[in-house]
Amino acid sequence: MMRLEGKTALVTGAARGIGAAIATAFVENGAFVYLTDIDDPTGQATTENLGGQARYLHLDVRRESDWGAVMTQVLEERGVLHVLVNNAGITGFEEGSHVHDPEHVSLEEWHAVHRTNLDGVFLGCKHAIRTMRQSASTGSIINISSRSGLVGIPGAAAYASSKAAVRNHTKTVALYCAEQGLPVRCNSIHPAAILTPMWEPILGDGPEREERMREFVQDCPLRRFGHPEEVAAVAVMLASDEAAYINGAELNIDGGILAGAVAAPVRSQ
Ligand code: NDP
């Protein structure tokens, strides 16, 4: 079934990982998709694999001028934007220091994570609302937050803070659009432990890789990493008209990690 037939969508950070999986699922469901990223060669290669229903554009989510240019181009070429997925995000561990606890993370690294993860989502929502208003279409904005936006993460303070802010801003955008009488919904997805290139600096490629992978999923009830396609399936649902009454909601895709608590009492034998 083509659940997104006739829709035009834009996905940020779509060169690889979850963004690429979402763009692929959208095309498979009949949408025309703009894949955007800062990694142009990878973004272009991913887009070429998707055929004529996909187009690649450079978009650094931190730069408002990029958002303006991309939205203008979308309106010129398609006349409408139905779906925006604010997916681009960084952990802060890509190249910088691995020290991101609240006592030691530098102000510079704190800001760098927030600029991509929070400013990028703010700018995306702002420009999508304006574009969707102009194109007078129904719209769906999907913000990729994280499990880390719902619980504290001592070793990744900036990441957790930025993702928590994304969760809250999603609800503000949902309420604002409703107040304005705009038929634009806004929801957040909260993945955890989805095996993508984002994990590479954390897992490494040494002999301890397998052990580290096991450690990371030992608190996951399903005892495995998730697949990017499992996040994409939920994004398709939120982008489609089947989700017409889902607004300001948060959906966890975490194998059940957030369903319980490590501090839960255990019955003695
Ligand atoms: P990846 O690192 O695999 O992919 C992210 C993509 O975003 C990369 O192509 C990256 O380009 C691009 N990107 C980085 N900065 C910018 C920017 N300023 N503007 C545009 N594009 C940018 O990440 P994932 O696919 O794993 O994650 C996607 C989203 O899902 C993120 O928001 C992440 O926080 C969230 N998430 C992921 C989880 C997981 O377990 N994988 C769990 C919870 C949330 P480049 O490679 O050049 O930096």
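Q: Which residues are the closest to the ligand, and how many surround it?
A: In this predicted model, 30 residues surround the ligand, and the closest are R16, N87, Y159, I194 and T196.

Q: What about the backbone of N87 and of A193: how far is an oxygen atom of the ligand from each?
A: For N87, a polar backbone atom is 2.7 Å from a ligand oxygen. For A193, a backbone N or O atom is 3.5 Å from an oxygen atom of the ligand.

Q: How much of the ligand's accessible area does the protein cover?
A: On its own the ligand has 900 Å² of accessible area, and the protein covers 92% of that.

Q: Which elements give two or more residues to the shell around the ligand?
A: Those elements are α1 (17–28) and α5 (157–179). By kind, the shell's residues divide into 16 nonpolar, eight polar and six charged.

Q: Why are α3 and α4 called roughly parallel?
A: Angles under 35 degrees count as roughly parallel. Helix α3 (residues 64–78) and helix α4 (residues 107–135) pack at about 30°, with their axes 10 Å apart, and therefore the two are roughly parallel to each other. The crossing of α3 past α4 is right-handed.

Definitions and conventions:
Residues numbered from 1 in each chain as written. Predicted model: local features only at pLDDT ≥ 70, side-chain atom pairs only at ≥ 80, totals over all residues. Heavy atoms only, no water. Near = heavy atom within 4 Å. Polar contact = N/O pair within 3.5 Å; in protein donor to acceptor, adjacent residues only side chain to side chain. Areas by Shrake-Rupley, 256 points an atom, 1.4 Å probe, with all protein chains shown as cover. Helix = DSSP H or I, 4+ residues; strand = E, 2+ residues; numbered from the N terminus. Nonpolar A, V, L, I, M, F, W, Y, C, P; charged D, E, K, R; others polar. Axes fitted to C-alpha atoms, helices over the stretch in contact; angles between N-to-C directions. Parallel < 35°, antiparallel > 145°, perpendicular 65-115°, else oblique. Left-handed = near helix turned anticlockwise from the far one by under 90°.
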